[in-house]
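The following paragraphs go through a predicted model.

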Amino acid sequence: MLFIGIDLGTSATKLLLVDEKGAIKNEVSKEYPLFFPHPGWSEQSAMGWWKACLDGIPELLKGFDANEVVGIGSGGQMHGLVTLDKDDNPIRPAILWNDGRTGEETDYLNNVIGKEKLSKLTANIAFAGFTAPKILWMKKNEPDNFAKIAKIMLPKDYINYMLTGVHCCDYSDASGMLLLDVENKCWSKEMLDICGVKEEQMPKLFESYEVVGTVKDNVAERLGLPKGVKVVAGAGDNAAAAVGTGTVGKGHCNISLGTSGTIFISSDKFGVDPLNSLHAFAHADGGYHLMGCMLSAASCNKWLCEDVFGTDDYAKEQKDITDDKLGKNHVYFLPYLMGERSPINDVNARGTFTGITMDSTRSDLVQAVLEGVAFAIRDSFEVAKSIGISIPRSAICGGGSKSKLWCKIFANVLGIPLDIVKTEQGPGYGAAMLAMVGCNVYGSVIEASNALVEVVSTIEPDAKLTKRYEEAYAKYKKIYPALKAVFPEII
């Protein structure tokens, strides 16, 4: 049997072909553009995502017996607002997770509706990237488009709709909309009323591993698939990546270094951070999780190397950063290139280099970026610790984790061992695992994880480096509070 895992990312859709034993047989990536029509805005074409699948899946299947494909699962970028009209056509480009236009709507939700009420209704407060503020923005600024809305969906759910004709969403992805009663796993009627939408405009809810339908015959023919291929609901990219790294069940942790960065803590019980600094979401394994999310992670390093230095040779830029320099850098970097979510929730925050002198080198700036991202993840790590959560170790995945140096920095900034799993393609691999559960190859997500996820190496923290980073982090923590009042004046 073969399974297709779809990772619908911000820069590309990555497709995996996986057998029931977890072996990756093939992979294909299809890129598409990201649009910034105004400063701080971020949009994408939903049809561009579908075209990536139309082009990519036949390529993925070349050289393989497509008749062996029995299931498809998707993991996708979260929070994006996809609106469909009565004919199921996209009304406008999707407004993405890293879009910062909803400052007024976020303030309204948090300060007029009130954080306490939001937390009671949805287990979360409003962040600019969440879907509900985007709906309010569209209602206010594009009333004609808002009036056309027949269905509201998330990015990977649009792919599932195009595959099956079913308007569906899973609980993990729906948790990030600020429209779901996370604890009771149903749409919050009161939140829908606040946003001016009706429940019939929302997709049907499923567990991530539940089958939502089968690939439509005409689509199967176009993709080169047999009839009857099952499609599961899938998961938000972070929950799918957590499945792919074995972060399921009670008390496990995963750090993801992709375009954005997350720290993901799984639980078998519902729980909320009292300050709502961390997101309280449903998990793809049927349980729950807490998550801290930073908007710019590996993208910070990409920006510095490619846009500023004009190179994509990341390894060369890091070669001069030796162990004796770690924790001793006099240059600090705030990684807030798109504003920030966890734990500061500040759309006005901006990236900064602090401490540059005449003897600062190119590699000092690179090191500052790598360390700044790790410090920002530690901010959420500290929130989790403050509410009594023990995190003795973590998995790490995502494009940034391919840098051994960056993993070493993270292990020592956090002071915990970091496990590297055999399969690096977290969201796509996790999505394929969810499809296996939906097709009854495994009885549960935890069973699939125990069978398929393998730790191949562990990066242990070094006591001397951890001490140095403890001192450096204490200095880093002072920078944002000192600049917070300045940021709104300079944007």
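The largest nonpolar core of this predicted model has 123 residues, and those with the most contacts inside it are Leu109, Leu179, Trp187, Met191 and Phe410. Helix 12, residues 362-386, supplies the largest share of this core, 13 residues. Apart from this core lies another one, of 43 residues, which includes Leu2, Ala66, Leu96 and Cys168. In soluble globular proteins, nonpolar side chains tend to be buried together.

Which residues does Met191 touch, leaving aside residues up to four places away in sequence? They are Leu109, Leu118, Leu121, Thr122, Leu178 and Leu179. Two of these, Leu109 and Leu179, are themselves listed with Met191 among the residues with the most contacts inside the largest core.

Helix 9 covers residues 237-244, and eight of its eight residues are buried, so the helix is largely enclosed by the rest of the structure. Its buried residues are Asp237, Asn238, Ala239, Ala240, Ala241, Ala242, Val243 and Gly244. Just after helix 9, Gly246 takes a positive phi of about 80 degrees.

Helix 8 spans residues 217-223 and contains Ala220. Is Ala220 buried or exposed? Its relative accessibility is 1%, and because buried means under 20%, Ala220 counts as buried. With residues up to four places away in sequence not counted, Ala220 touches Val215, Leu225 and Pro226. Thr164 is 56 residues from Ala220 in sequence, while the C-alpha to C-alpha separation of the two in space is 9.8 Å.

Strand pairing is the next topic. Strand 2 (residues 12-19) and strand 3 (residues 24-31) run antiparallel and are joined by seven bridges. Thr13 has Lys30 in strand 3 as its bridge partner. The two strands form a hairpin with four residues between them, and within the turn Gly22 has a positive phi of about 90 degrees. In a regular strand the side chains alternate between the two faces of the sheet.

Val486, Ile490 and Ile491 make a nonpolar surface patch of about 280 Å². Where is Ile491 found? Ile491 is in the segment after helix 18, the helix of residues 487-490. Its relative accessibility is 53%, and because exposed means over 50%, Ile491 counts as exposed. Ala220, by contrast, counts as buried at 1%.

Terms used
Residues numbered from 1 in each chain as written. Predicted model: local features only at pLDDT ≥ 70, side-chain atom pairs only at ≥ 80, totals over all residues. Heavy atoms only, no water. Core = buried A, V, L, I, M, F, W, Y, C linked by side-chain atoms within 4.5 Å. Buried < 20%, exposed > 50% of the residue type's maximum accessible area, 1.4 Å probe, protein only. Contact = heavy atoms within 4.5 Å. Patch = residues over 30% accessible without salt bridge, like charges linked within 9 Å, V, L, I, M, F, W, Y side chains within 5 Å. Areas by Shrake-Rupley, 256 points an atom, 1.4 Å probe, with all protein chains shown as cover. Salt bridge = Lys/Arg side-chain N within 4 Å of Asp/Glu carboxyl O. Pairing = 2+ DSSP bridges.
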